[in-house]
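I opened my notebook for a friendly look through this one. Here is what I looked up, entry by entry.

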Amino acid sequence: MLHPISMTAQGNAIVTDVTVSTLPSAPLWAFEIWNNPDAVATRFAAAAGFALPEMGTSGGSDALRLIRYEPTVWLVEGDASALPSILDNDGALTAIGGGVTRVLMSGRGWRRLLMEGGVFDAESPAFAVGSSAATIIDHVNIRLLVLSEDACLAYVPLSYAQGILHFWQEAAKALD
Amino acid sequence: MTGPSRPNSGQDISFTFDGTRYSARAGDTLAAALLANGIGLVGRSFKYHRPRGIMTAGVEEPNALVTVGEGGRAEPNTRATDVFVYDGLAAQSQNRWPNLSLDFGAILGLAAPVFSAGFYYKTFFGSAKRWMFYEHFIRKAAGLGNAPRDADPDRFSQRAAFCDVLVVGAGPAGIAAAREAADAGKRVILVEQDDILGASLIRDPQELDSAWAKESADRIRASGGHILTRTTASGYWEHDLVTLTQRLAEPGQVPANGVAQRLWHVRAGQVILATGSIERPMAFPHNDRPGVMLSQAVRTYVRRFGVCPGQRVVIATNNDDAYLTAHALKEAGAQIVAILDARPAPAGQEHGFTTFNNAHPLATKGSRHCLKSVSGIVDGIPKSWDADLLAVSGGFTPVVHLHCQAGGTLEWNDAAQAFVPGQSRQNVKTIGGAASPAPVFSAAPVVPAKKSFVDFQNDVTLADVDLAWAEGYRSVEHLKRYTTLGMATDQGKTSNMGALARLAEKQGVAIPEAGLTTFRPPYTPVTMGLFAGTAAKDAGAHKRRLALFDVHAAKNPIWQPLGYWFRPRAYPMAGESLAEAAMREARSVRTAVGMTDVSTLAKFEISGPDAVALLETVCATSVGKLAVGRGRYTFMLREDGFVFDDGTVWRIDENRYLLTSSTGGADRMATHLSYVRNYLHPELRVSVVNVQEHLAGIAIAGPKAKSVLATLTGEEPPRHMSTVGAKIAGVAVLVLAASYSGERAFEIYVDARNAEPVWAECETAVVGTGGCLYGLEAMEFLRIEKGHLVVGGEIDGRMTPLDLALDKMLNTGGGFIGAAGLTRPALSEAGRRQLVGLEAVEGSIPEGSMLVTADGKSPEGHVTASAFRIMDGGSLALGQLADGFLRHGEELIATSPTRGQKARVRVVAPHFYDSAGERYRD
């Protein structure tokens, strides 16, 4: 289901464009390691072809992407069928996709929009492509993933999705 | 009243003041426009209703307060010096009746000796009722503008920002600092409360002019820096967090994009304060009359706005700066009648003006609207001059508010007779005029104290300061509160130093020894809506929507807020009231079947070989012996032994459990589990994942629930407190045989993305079996009748497992959180409140009522929840009662004096329905 919100607002400094769209729902998992993290990381890298991402970063591609948002927990998107065997007895994979709405922000104004009601420096150059963050925006816990300079993916709790979309829609009207 | 620099042509802007239409030029403040239109009387003072004009040209203005805007957009107490005129601006004067010129309240001025410092403390003795009587008249007689009655139609935004360098104040020092930082590649934010950059450059063009300011601004922006005008740094907090209030529209103006103001939360690597200084007035009788202005303000009106506030001008000063005003006025064609310089001898070059040294203003005369003459004393000899403007300069007070809010200290600058920033506790530095104010000549006023105002907004005079001293008030903090000095909306920006000097003089000490009051945020008044941000319109939070929200909404239920969630309270049929609908739904559950949405319950998936160890730490009941496919009721304690939540725990696989707990305590439970997992027992091999939103939940309850579920799944339903996986509508679900209604019941959990078809199939089956949907109200009836507990009601944080008769379920092996706290003797002493049932002997039991043995006696407990017997009528309730377990059969009174309701009740066991649990068995 798509809820595109396109807006262009002009202020006294810059012109900001951002489009906010709700992506179709997708399976998501919490990938948690409780034991032998190095061994799991080795098994994972061998199977997936890329290393388990560090804190605040993501790895992989649309086929399988992992985002580390807690010291021992990664959010998994894509084909997770191989992960239980990689974890073996050292961790667990738990489905969480039903409770998350993915919101795509595209256009160069997404950083500015994320500053509205936020506490996180989305405008920092260090928040570069591939970076991730868990933050609060307008009292809602949201996870962010920088897809490109013109796109950011936000993982929003299902119950708050409509509210935060409305918030972004209203905020974008007065973006400068 | 216009000067030569005011353009003769240009687009006029129309505005009204007290209903009369005037014109202004683009860029005018309301104060400038009023002066340009020859208006001297702008407001009435707070206490004595004295006529007041425009004194300053900035946010420190104490006199010219007006209400701007109309309806819900009206903003009272707006400084006329801090609002830029826009087409259609409507301003009203305040605190006057029937009008500004003829204000009957001015009669209070005749009684000024009565209304001196400490008036309230000396007058309003006796009972509080007398004060209630007086208050009505006091509030009518004194005060500021009225708050609008209508809701504010505008929105408010809150935005975060991060930077390497935040520069507050865009005068020459601030601009230079921001430019230097930007050139060095820093992320820079420069804020300025005016609508243009330059500050003193606008008033006093120097080597650096407005062209330099513009070129600097371009460079800052080109390097990625941000410049925010009409923005005030209103608060400085810990860790170099500075809050900025930005006006996106002028007061009362319709904002272009709906957002009137923005609150910025700026986290800065370094803060540079270039906040300048505020000119001080001088104390002498009638120094508050329209036509008495601060010298730099006069210069600002002349040079920036092209408005000359007077033609015959006396200037009173103790420093060199006021001579610049004399030159500006002369350029504008005004006549400088006299300069009264407090310094004993001429300082510096010859200016060509009639200057008197060792000279002080002594009084003014005039009408309500304007000044007519100034008297002074020169070398001890009185003199008088006809004049329509008196420009005064009593020195300069550095704006140190933000420095002090940041925890910085102040030092005394004797030459400037002012406090300047000293050491900083945070990464903040003050530059420019705020760090190095101009020197002044120090001379105590040698004038009568009466009607010599120091705090213009709160009508505090030197006589009030003297009186407070005479009555024993020595501390500056006491002086402030006794006289209300510095407590008005301007927070004493123009007054505090004058009063402090008087206090020091009385004490016979230097000013720094007299002490200083605390600088607190905000620097200037902030609209309340700005603090609420977008939440101003919806009571503070988003509505949390169920995964099945749209499905419910299509049935037009009565909605019930539950925390941030919105859940159906009942599904009324045509013509049904809430009570009727809820009772119908509850009876359907008792006699047939009903279904409801239980998605909001807290749910945690706990996996791993040490899952049991974690659960037996969190839960006060035993979990270890739970077989795969079985579940049990459980509850959780705080470390002090009190119950804080309850729920169920289910073993859904060898090393995988589902823990449910209350909706209202979901976030608290998530935090608690995280604390246990990551802090108390990081060594456990366990994963705890919050799946509250991942799993939508549907409960089916009633004597026909089992057959309905069998139809839905095609399989034999699990027995009570058992769980199985199944498919409904082709979707995989988890079925838990659990009941919160007293009937055989099942909770069906499904990935929220697939909940709609499952709900639809369940609804078809339930309705086809003669059942219906039920909401929270019916659920409440059912659980009360059965005696089930609810967090926030019976479990209110003050009850132990013993108090709730749950002690037999405690894990005898101990080891759970709260086990140690539970052993405290006080938790098992007599007299504790205990869970009881209550049935009405007569009347209907008011929820929340007190339980007393007789009218007038002290309460011994209270009703936590009340309802009606679902099938056979009669009022019943659950409650907490002192020694309740021993009082079954006793009759009490449940009374709610605030609602005027009471009922006679009998204490019984808290199970009114199927206490043996027969209906759970197949």
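Predicted model: local features only at pLDDT ≥ 70, side-chain atom pairs only at ≥ 80, totals over all residues.

**Entry: a pair in chain A.** I looked up A:Arg111 and found a salt bridge to A:Glu149, with the closest N and O atoms 3.2 Å apart. A:Arg111 sits in helix α3 (residues 110-115) of chain A, while A:Glu149 is in the loop between β10 (140-148) and β11 (151-157), 38 residues apart. Buried or exposed? I noted A:Arg111 as buried, because its relative accessible area of 12% is under 20%. A:Glu149 counts as partly exposed at 46%.

**Entry: pairs in chain B.** Next I found B:Arg304 and B:Asp195 meeting in a salt bridge at 3.1 Å, N to O. B:Arg304 lies in the loop between α7 (295-303) and β16 (312-317) of chain B and B:Asp195 in the loop between β9 (188-191) and α5 (200-203), so this pair ties together parts 109 residues apart in sequence. I then looked up B:Glu777 and B:Arg569, whose side chains meet at 2.9 Å, N to O. Helix α21 (residues 776-786) of chain B holds B:Glu777, and strand β30 (residues 565-570) of chain B holds B:Arg569, 208 residues apart. I also noted one network of salt bridges with shared partners, including B:Arg203, B:Asp204 and B:Arg299.

**Entry: a sheet in chain B.** I traced an open, mixed sheet of five strands in the order β2-β1-β7-β5-β6 (chain B). Its edge strands are β2 (20-25) and β6 (75-79) of chain B. Strand β1 (residues 12-17) of chain B pairs with β2(B) in the antiparallel sense over six bridges, and I found B:Ser14 opposite B:Ser23 in β2(B).

Definitions and conventions: Residues numbered from 1 in each chain as written. Chains lettered and ligands numbered in written order. Heavy atoms only, no water. Pairing = 2+ DSSP bridges. Helix = DSSP H or I, 4+ residues; strand = E, 2+ residues; numbered from the N terminus. Salt bridge = Lys/Arg side-chain N within 4 Å of Asp/Glu carboxyl O. Buried < 20%, exposed > 50% of the residue type's maximum accessible area, 1.4 Å probe, protein only.
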